[in-house]
Structure formats: C-alpha cells, structure tokens
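The exercises below are to be worked with the sequence and the coordinates at hand. Each task is followed by a solution in steps.

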Amino acid sequence: QVLFVESGGGLAQPGGSLRLSCATSGIIYRANSMAWYRQTPDLQRERVATIYKSGLANYADFVKDRFTISNDNAKNMVFLQMNSLEPEDTAIYYCNTFPHRDWGQGTQVIVSS
C-alpha cells in the first residue's frame, strides 16, 4: 500500500530552487502532523521540516531560512519549497507523518553545478 507519493525532485544548481510535493490519503493527513525527511548519500536519514496539525512549523537548523514547508488541506498535500540549495542538500527526500511510519519511494534531489 502506497502511503505517500513524493514528486518534484531533480537536478538543481547551487543557489537554485526546487519545490517538492507530497500526496497522501485524507485519513493519514487529517490525523497526523506531517514532515519532510531526507536520506543523504551516506545513508543518514534526518528530519528536515515539520508542519503540525496546529499549522505551526519547525525546521532543522541546516535548512532554516532556506526551506519552507506548507500544506493544502483541501488536497491532503504537503509541500517543501527549497531555495538557496547547496550541494549538501543532495539526498532522497521523503514525506511522512511525524512520528514516521512506513516510508514511500521518495524523490531524488541532486544539487550540482
């Protein structure tokens, strides 16, 4: 069963931008806070940004002031606007609940000149 469908990844130059999208079921979306995570090439998985059911958001220090998480309640979707991308942002990005459950396929982001 596919719980999360992530899209929007790709190749970006340093300093560039990408916008990731995530679709999930209404049941999951309405019951949980949602987050974006990433798995870096060295296989470390880290939480990038969280949006709580209250609407408040928080961010990992390494993306603060560069990334913005948002959602669309009508469409059960979560987004991650990524600006000022750095090569260190290269990773597979995953959408999930917070705390997380089973992982989806993710979407690959590569930042390189």
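**Exercise 1. An aromatic cluster**

Which residues form one aromatic cluster?

Solution. The model is predicted: local features need pLDDT of at least 70 and side-chain atom pairs count only at pLDDT 80 or more, while totals for chains, interfaces and linings use all residues. Residues are numbered from 1 along each chain as its sequence is written, and side-chain values use heavy atoms, with hydrogens and water left out.

Step 1. Search for ring pairs. Rings of Phe, Tyr and Trp (for Trp the six-membered ring) pair if their centres lie within 6.5 Å; planes under 30 degrees apart count as stacked, over 60 as edge-to-face and the rest as tilted. The whole structure holds three aromatic pairs.

Step 2. Classify one of them. Tyr 37 and Trp 103 are 4.9 Å apart, centre to centre, with 85 degrees between the planes, an edge-to-face pair. Tyr 37 belongs to strand β4 (residues 33-39), and Trp 103 to the loop between β9 (91-98) and β10 (107-111), 66 residues apart. Strands here are DSSP runs (E, at least two residues), numbered from the N terminus.

Step 3. Classify another. The ring centres of Tyr 94 and Trp 103 lie 5.5 Å apart and the planes stand at 65 degrees, so this pair is edge-to-face.

Step 4. Tyr 37, Tyr 94 and Trp 103 make up one aromatic cluster.

Step 5. A charge sits over a ring if NZ of Lys or CZ of Arg is within 6 Å of the ring centre and within 35 degrees of the ring normal. Arg 45 lies over the face of Trp 103, at 3.9 Å from the ring centre. Elsewhere, Arg 19 lies over the face of Phe 79, at 4.1 Å from the ring centre.

**Exercise 2. Accessibility in the cluster**

Is Trp 103 buried, partly exposed or exposed?

Solution. Step 1. Set the classes: buried means under 20% relative accessible area, exposed over 50%, and partly exposed in between (1.4 Å probe, protein chains only).

Step 1. Apply them. Trp 103 has a relative accessible area of 27% and is therefore partly exposed. Tyr 37, with 5%, is buried, and Tyr 94, with 6%, is buried.

**Exercise 3. Strand β9 and its partners**

Over how many bridges do β4 and β9 pair?

Solution. Step 1. Two strands pair if DSSP finds at least two bridges between them. β4 and β9 pair in the antiparallel sense over seven bridges.

Step 1. Locate the tyrosines. The bridge partner of Tyr 37 in β9 is Tyr 94.

Step 2. Turn to β10. β9 and β10 run antiparallel and are joined by three bridges; Ala 91 stands opposite Val 109 in β10.

Step 3. Check the cover of β9. Six of its eight residues are buried.

Step 4. Inspect the loop between β9 and β10, where Gly 106 is placed. Gly 106 is buried, because its relative accessible area is 17%. Contact means heavy atoms within 4.5 Å. Beyond four places in sequence, Gly 106 is in contact with Glu 6, Ile 92, Tyr 93 and Tyr 94. From Gly 106 to Tyr 37 the C-alpha distance is 9.2 Å, across 69 residues of sequence.

**Exercise 4. The open sheet**

What is the order of the strands in the open sheet of four strands?

Solution. Step 1. The order is β1-β3-β8-β7, with antiparallel pairing. The edge strands, β1 (4-7) and β7 (67-72), each pair on one side only.

Step 1. β7 and β8 (residues 77-82) are antiparallel and share six bridges. Phe 67 stands opposite Met 82 in β8.

**Exercise 5. Two threonines**

Which polar contact does the side chain of Thr 50 make?

Solution. Step 1. A polar contact is a pair of N or O atoms within 3.5 Å; within protein, one must be able to donate a hydrogen and the other to accept it, and residues adjacent in sequence count only if both atoms are side-chain atoms.

Step 1. The side chain of Thr 50 makes a polar contact with the side chain of Arg 47 (2.6 Å). Thr 50 is in strand β5 (residues 45-51) and is buried at 0% relative accessibility.

Step 2. Compare Thr 24, in strand β3 (residues 18-24). A polar atom of the Thr 24 side chain lies 2.7 Å from the backbone oxygen of Leu 3. Thr 24 is buried, with a relative accessible area of 12%.
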